[in-house]
Each structure stands twice: as structure tokens, then as C-alpha cells.
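User: Please take a close look at one part of this model and describe its surroundings in one connected answer.

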Amino acid sequence: MKKKLIASLLTGLLIVGALPVGASAEWKHDNTGWWYSDWDSWYTGWKEIDGKWYYFDYNGYMAHDTTIDGYQLGSDGARIERIYRAGEKWIVDGQWEFTINSVETTKDRNQFSDKNPEQVVIINYSYKNLGYSSSYMDLYMGSFTVLDEKGEVAETYPANIKYYPKETPVGATCSKAQAAYGLFNKSSEITIQVEKYTSDSTRKEKAIFKVPVK
């Protein structure tokens, strides 16, 4: 703690969030634990480092082997990404609740499209706004990264869907939404990655779904 008292005196700032860290940012440790900093400042709260998410307490020390904001942290401090299945709710506290209900194969083909996928699937999903508030737009969930069974990234496809995602204000639910994707390889299960920034843009949340194709 001595290092942080000195740093605090030098900066004269009260640490209330993520402080700017310069190009010399690096991992450091002492008998108490690990932190991520340069010589005069350190991170608190959630921080993405080299593609992984970590949580640092108000003193700047990395949390590990615990659960924070519903996310499990491993012994190395990195957030363990959960694999969701059809019907399971991905909940980001104070932001949203998201569910992929099912994935179905469709024979529908668009005669005006130059795409010729091996298989076209319809993703059926729903979401609820738990507190996502932005001056730009209300909660909207409509863009995913879809991988077929061989790990190849699918493309959106102009299939004839019935339910489109909608801007959803706080407290409201979009109970039926669909998205169509063309797969390069016929698959009985697909992986769907969903990413979205929280309404204050402080962090990007991510969920991975593995869902059977009907």
C-alpha cells in the first residue's frame, strides 16, 4: 500500500474510476497482489487487456477466484466466458437480458441475392431492456457473429423473416426478433457471438451461444 500512498500524493487525485495509463503500462505485483499500471496511476473496475477482461478493486488490485457482476474470475484473474444454450438468459445487470430461443433451417432463398449458401438458418431471439439508456438510441440487439460447425464465419442473408428487432426503451421487451444467416457448411449446431457496449460505453460485454439447428 505504500506505493499507492506515494502515487496518490504525487498525483493529488482521488481514484474514482479507471485512470489513464500511458504507453508504459504493464503488470506489477507485490505481497498483496497484482495491478496494471504505469509509474503513477493504475486501473480500477473492469479493464480489457490483451483480449481478456479483468476486474481491479478500488485500490487497483486484480480480483481472482471470485464472481463479480455475475461473471466468474479464474485464478489468473481473467473472466471465464460462459457458454450459453438455447433458452438460457444472458443477463448484464442494469443493462439487458438476452435469450436465443431457437435456430431453424429455412428453404427460403432470395432470387435477387447473389449469395449461394449451403444452408440458411433463422435465429429466433428476444431481449429486455433492464436499464440501458442512451441519448443515441434505445436498446437494439440485431448484429451477431455466426460460426458454422467448421468454424467458418457466416454471412447475413436476405431471407423472408417475420419479426425484426426493435429499439426497446427501459423496462420494455422485444419478445420476438429474427435474423437470417447463410452458412458455408451444413451444420447441426452453430456458435453465435453477441457483443455490445454498455450504455455508458465503459465496457463491451460479450456472450457466446452454442445452439442446435432444427
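Analyst: Ile83 touches Glu88, Ile208 and Lys210, leaving aside residues up to four places away in sequence; contact means heavy atoms within 4.5 Å. The model is predicted: local features need pLDDT of at least 70, side-chain atom pairs count only at pLDDT 80 or more, and totals for chains, interfaces and linings use all residues. Residues are numbered from 1 along each chain as its sequence is written, and side-chain values use heavy atoms, with hydrogens and water left out.

Ile83 lies in strand 7 (residues 83-84); helices (H or I, at least four residues) and strands (E, at least two) are DSSP runs, numbered from the N terminus. With a relative accessible area of 34%, Ile83 is partly exposed; buried means under 20%, exposed over 50%, and partly exposed in between (1.4 Å probe, protein chains only). Ile83 and Ala207 are 124 residues apart in sequence, yet their C-alpha atoms are 7.4 Å apart in space.

Ring pairs link a cluster that includes Tyr84, Phe98, Tyr125, Phe144 and Phe209. Rings of Phe, Tyr and Trp (its six-membered ring) pair if their centres lie within 6.5 Å; planes under 30 degrees apart count as stacked, over 60 as edge-to-face and the rest as tilted. The search of the whole structure finds 17 aromatic pairs. In one of them, the rings of Phe98 and Tyr125 have centres 5.6 Å apart and planes at 35°, so the pair is tilted. Phe98 is buried, with a relative accessible area of 0%. Phe98 also forms an edge-to-face pair with Phe144, at 5.9 Å centre to centre and 65° between the planes.
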